[in-house]
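Colleague: I am new to this structure and would like to learn how to read it. Could we start with where the chains touch?

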Amino acid sequence: MAAPAAMQKPRLGTRVVPWIALAAGILIGTSGLIDQIGAYWEDITYLSQGHMVLVAASGGAAILTGIPVGIWLSRPSMERSAETVMQVFNIGTTIPTLAVIALSMTILGIGFAPAFFGLFVASLLPIVRNTYAGLLAVPAHLKEAAHGMGMTPAQILFRVEIPNALYVIFSGVRTALAINVGTTPLAFLIGGGGLGELIFTGIDLMDTGMLLAGAVPVAMLAVLVDFLMGQAQLHLVPKGVNPLR
Amino acid sequence: MIRLENLTKVFETPNGPVVAADDVNMEVPEGEICILLGPSGCGKTTALKMINRLIPLTSGKIYIDGKDTSTLNDVELRRNIGYVIQQIGLFPNMTIEENICVVPKLLGWDTERAKKRAAELLDLVALDPKLFLKRYPKELSGGQQQRVGVIRALAADPPVMLMDEPFGAIDPINREVIQDEFLKMQSELKKTIMFVSHDIDEAVKMGDKIAIFRAGKIEQYDSPDVVLAHPANEFIADFVGADRTLKRLRLVTAKQVCDADAPAVSRHGRAKDAHAMIREHGTHVAVVLDADHHPVGYVTEDMVEGASGLVHEFARALPATVPARADLRAVVSEMFAHDTMWLACTDDSGRYVGVITQPAVTGALGETYRRAGKAA
C-alpha cells in the first residue's frame, strides 16, 4: 500500500526544510543580521509603499488593458489580423525586461512614469496571450449551443466564453504579476524608487544588512502576491471548469 | 407546425458557389417528428440550422405555426425553438440547474419558477433533482448529460424543437434507452420536431416522417413504412439498405399481427374438447392456459388424438412468450432463438393475447407490396 507508507515517511522536502530554516535562523541570529536589517526599518516601510504602488499601478493597468485586448483579438471579426498582432506581442516578450526599462527611460526620462510604463509592458503580454488563447479554446459547440438558445453575443461572452476561459486568464495574470513583482526592483535604476534602492545600494556598498533589508521584503511580497493570486484562482473560477477544485 | 418554402442556401466558396439546400419544400405537421436523413454533406444539417438562423438563408421562407419567421429577430426566434446538438453543449461552468434555466432566464422568468421547472424536467427523465440540480456537467455520464441537453431545450416549453444528431455520440445501448425515453416523453409533450440523423435505424424508430436528402434536395418525404417499402428511386433504395424489408420489422408490433382467435384451452379442460377445437381451427396446436389466463404450455393435434383425460396431462411447456407490444424484430429474434414457427403473445400483466406465427409475420411485411401491386 503506497499511500500509507508515504504518510509514515515524510518526503525529503518536509524533513529538510525545517532544518534549513533553523540553520538559517541561527546563522542570521548569531551574525546580528536581524539587527542590521532592523536598522533600515524606516527605509523599508517607506520604500515598500512606493514599491507596492508601482506593482499595483503597473500590474493593475496591465490587467485592465490586457484582458480587453485579449477579448478584442478573440472576436470573429479579428480572426485574420489577431495572429499578426500576437506575433508583435511575442516579439515584445523576447526583449529582456531590463532592456524594456532602459528603453522606456530613453523616451520618458527618469522617475515613476518610465518605471510604470516598462513594468506595464512587461506584464501585458502574458495577460493578452492567455486571455486570447483561453477564449479561442472555448469549444465551438458551446458557442453554437449558446447561439442556438438565443443568447446575444454579449451574453455569450460574459456567461459562456469568459467563465470557461477564466482559469487560463487567471494563469496569465498570475504569471504577469510574478514577472512584475520580480522586475520592480529594477525600477530603482531609472529613478522609479521602490525596494530596489536598498538592494542595489547594498550591493554597491557591500552592506549585507542593507541588501537583505531590500531583498527579504521583495521576496516576501512575491510569495504573498502569488499566494493571493492562487487563492483568487481557486475561489473565483467556477467549480465546473476549475481543475483545482 | 414547421413549413419550409423554396428554402435555398448557396455558400460562396473560393471554388465557386456550392448549393447546400436547393429549393427545399416541406411541412412538418404539429406534434410530429420529422427526420432529416441522408449521407454527410447532403444539406440536412444546413436545412435544420437555417430554421433557427444559425446559418442565414439565401432565399425562401420558413413558417412556424403559420407565422413567417423572417418577421422575428434572431434572438427572439431562437429563444422559442428548442435546440439540441450532438456534442450536447452543456455549459461546464454552470450547474445542471443553471444550464436548464438558461432560456427561461433569457425570457425573463422569475427565479423560483425557473428552478421549479428545472426540478420538474429532471424528474421527467428519471434523474433525481435532489442529486443532480447542483452538480456540474462533468460529474455526469454521457447519457445523463444528453438527457439534460434534451430537457434544457424543453425548459421554456417551446412548440418546436430542432435536434442535430442528438443521440449520435452516445453508446448503442444507452442510445436505445434514451431514444425510448424520448419517444415516451414526446407522446405526452407533442412537440413539432425536426431531427437530423444519418442512421436509417434511428430514423425508422423515431420518425413519423422521413425526409431523405441528397445534394441539397429532398429525394423522398414519406412515413418510414413507405420509405422502406417503396423507395422512390435507386439512391434511396441503396441508402435504406438491401435489408430494408427487415427494417420494417420494427414498425409493426406483435399485437398487430397476432391471431387472437387461435385455439386456447384451459389446462383443466378435457383433451377431447381440445382436439375438436384444434381440428376446427386447422392450426395443429392449441395454447394451454392456467386459471389466471396465463399461457403455460401447448398441445398439438397428435398429442391429443383420441386421448381421454385432462389437457394438462398431455401439455408441453411453452419455449417462450412475447409481449404483444414488442416489435416484430424482437418476435422474430425470439422465434429463431427457440427454433419455433409460432409464439404466444401476452399483455403487460402476462395474460394470453393470441398466437403469432412466422407466416403471419412474413405476410404482414409483404402486405404493402401486394397492395402496391394491386394499385398498379
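Modeller: In this predicted model, 17 residues of chain A are in contact with 19 residues of chain B. Two residues are in contact if their C-beta atoms, placed from the backbone, lie within 7 Å. Local features need pLDDT of at least 70 and side-chain atom pairs count only at pLDDT 80 or more, while totals for chains, interfaces and linings use all residues. Residues are numbered from 1 along each chain as its sequence is written, and chains are lettered from A and ligands numbered from 1 in the order in which they are written.

Colleague: Which helices of chain A supply the side that touches chain B?

Modeller: Helices (H or I, at least four residues) and strands (E, at least two) are DSSP runs, numbered from the N terminus. Here α8 (140-148) and α9 (153-183) of chain A each supply at least two residues of that side. The largest share, six residues, comes from α8(A).

Colleague: What classes of residue make up that side of chain A?

Modeller: Ala, Val, Leu, Ile, Met, Phe, Trp, Tyr, Cys and Pro count as nonpolar, Asp, Glu, Lys and Arg as charged, and the others, Gly among them, as polar. By these classes, the side of chain A that touches chain B has eight nonpolar, seven polar and two charged residues.

Colleague: How do helices α4 and α7 of chain A cross?

Modeller: Axes are lines fitted to C-alpha atoms, for helices over the stretch in contact, with angles from 0 to 180 degrees between N-to-C directions. The axes of α4 (residues 41-74) and α7 (residues 112-136) of chain A come within 7 Å and cross at roughly 35°. The crossing of α4(A) with α7(A) is right-handed, a term used if the near helix is turned clockwise from the far one by less than a right angle. Residues of this contact between α4(A) and α7(A) comprise 19 nonpolar, eight polar and no charged.

Colleague: Which residues have the most contacts inside the largest nonpolar core?

Modeller: A nonpolar core is a set of buried Ala, Val, Leu, Ile, Met, Phe, Trp, Tyr and Cys residues joined through C-beta atoms within 7 Å. A residue is buried if 20 or more other C-beta atoms lie within 10 Å of its own, exposed if 12 or fewer, and partly exposed in between. The largest core has 115 residues, and those with the most contacts inside it are C34(B), I35(B), L36(B), L37(B), M194(B), F195(B) and A211(B). Helix α7(A) gives the most to this core, with eleven residues. Apart from it lies another core of 37 residues, including C258(B) and V304(B).

Colleague: How is chain B divided into domains?

Modeller: Domain bounds come from an automatic or database domain assignment. For chain B, that assignment gives domain 1 (2-245) and domain 2 (254-363). Their C-alpha centres lie 43 Å apart. Chain B has 16 helices and 17 strands, and buried residues make up 42% of its 376 residues.

Colleague: Why is A126(B) classed as exposed?

Modeller: A126(B) is exposed because it has 9 other C-beta atoms within 10 Å. D157(B) is partly exposed, because 13 other C-beta atoms lie within 10 Å.
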